Amino acid sequence: MKPMLFLFLLSAAPPVHGQPREALVDMINAYRAAPGACEGRPMPPAPALAAPAALSRVRVASGTLLDVALERAGYAAQQADAIYLTGAQDAAAAMAMIAQKHCRLLRSARYTAVGVVRAQGSWLIVLAVPAPPPPETRLPPQDEAGRQLMVEVNRARAIERRCGTRYFKAAPALAWNAALGDAARAHSADMAAQRYLDHKGKDGRMAPERAAAAGYQGVRIGENIAAGQGSAEEAVQGWLDSPGHCANIMREDFTEMGAAYAVSKPRARIYWVQVLGTPR
């Protein structure tokens, strides 16, 4: 989810003393920690906010898109709100103004980070939820992820189950096959690069042809594909919840497999491919 823009313009007569912006961060966290009323209703304490350096580098004037300013500052936000005020020359005055007008925003438990920017008599207070790490930073390398997926598949095969209306008894564990892994890697990379989800590749080839091109000699080939799952465990569970994919996993005539993932750019989406085979 991209951050949204909420800019509030406040003004006040300038007080006498000045304080650094770090003091306002401390005051905001103290305000969140102290039980009290907001708009006439009691509010529970909220956790303290982190103060990442990037949020203190945000530069945005009233009316500027906040998401653009956050990107320029190097902060990836899932959600962000901002309060802009002028006239308060110290942190105490700024705190008094925003506490009076925006107590719910300041005490919202959904935010986990805050940044304060002070420039030429104005203050910008940014409350944010950081974006999750990119998928490629959360996933292990290709071969490791593929083998993790095989572990989950073999765990599923070890238990009898129904795939829709079909019953499958427990099946022997699958062995890893490097050629099937190469076929899975090629198809996941192609789907990610061209942003599609289909067993038929953009070049017209299907799974058996891709497996043969990768050097696999087998009498039977099966393929499961998925997109959007954040881990091998999630991908396998999604397949088990789908009768056709589940049946592929549970077939005891499949004895080998390979698997891989790829991540599309610029909007990250994970594409998973499992290729199952029966050797000659």
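Student: Let's start with a loop: where is the place of glutamate 39?

Tutor: Glutamate 39 sits in the loop between strand E2 (36–38) and strand E3 (41–43). Helices (H or I, at least four residues) and strands (E, at least two) are DSSP runs numbered from the N terminus. Before we go on, this is a predicted model, in which local features need pLDDT of at least 70 and side-chain atom pairs count only at pLDDT 80 or more, while totals for chains, interfaces and linings use all residues. Residues are numbered from 1 along each chain as its sequence is written, and side-chain values use heavy atoms, with hydrogens and water left out.

Student: What is the phi of glutamate 39, and is the residue buried or exposed?

Tutor: Glutamate 39 has a positive phi of about 55 degrees, although it is not a glycine. For accessibility, buried means under 20% relative accessible area, exposed over 50%, and partly exposed in between (1.4 Å probe, protein chains only). Glutamate 39 counts as exposed because its relative accessibility is 57%. Arginine 195, in the loop between H7 and helix H8 (207–213), also has a positive phi, near 55 degrees. With a relative accessible area of 40%, arginine 195 is partly exposed.

Student: How do I read strand pairing, and how many bridges join strand E4 to E6?

Tutor: Two strands pair if DSSP finds at least two bridges between them. Nine bridges join strand E4 (residues 77–86) to E6, and the two run antiparallel. Within that pairing, alanine 80 stands opposite alanine 128 of E6. Strand E5 (residues 113–119) is also antiparallel to E6, through seven bridges. E5 and E6 make a hairpin with two residues between them, and glutamine 120 in the turn has a positive phi of about 50 degrees.

Student: Why is strand E6 described as largely enclosed?

Tutor: Eight of the nine residues of strand E6 (residues 122–130) are buried, so the rest of the structure largely encloses it.

Student: In what order do the four strands of the open sheet come?

Tutor: The order is E9-E11-E12-E10, with mixed pairing. Strand E9 (175–176) and strand E10 (218–227) are the edges, each pairing on one side only. E9 and E11 pair in the parallel sense over two bridges, and tryptophan 176 stands opposite methionine 257 in E11.

Student: Which helix packs on the sheet and touches E9, E10, E11 and strand E12?

Tutor: For packing, contact means heavy atoms within 4.5 Å. Axes are lines fitted to C-alpha atoms, for helices over the stretch in contact, and angles run from 0 to 180 degrees between N-to-C directions. Helix H7 (residues 178–194) touches E9, E10, E11 and strand E12 (270–279), and its direction makes about 25 degrees with that of E11. Helix H10 (residues 243–250) packs on the sheet too, touching E10 and E12, at about 135 degrees to E10. The buried residues of H10 are Cys246, Ala247, Asn248, Ile249 and Met250. Their cover includes helix H6 (142–157) and helix H9 (232–240).

Student: How do I spot salt bridges, and to how many does the count come?

Tutor: A salt bridge is a side-chain nitrogen of Lys or Arg within 4 Å of a carboxyl oxygen of Asp or Glu. By this rule there are nine salt bridges. One of them joins glutamate 152 to arginine 155, with closest N and O atoms 2.8 Å apart. Both lie in helix H6, three residues apart, about one turn of the helix. An α-helix has 3.6 residues a turn, so residues three or four places apart point the same way. Another salt bridge pairs glutamate 223 with arginine 210 at 3.0 Å. Glutamate 223 is in strand E10 and arginine 210 in helix H8, so the pair ties together parts that are 13 residues apart in sequence. Both of these residues are buried.
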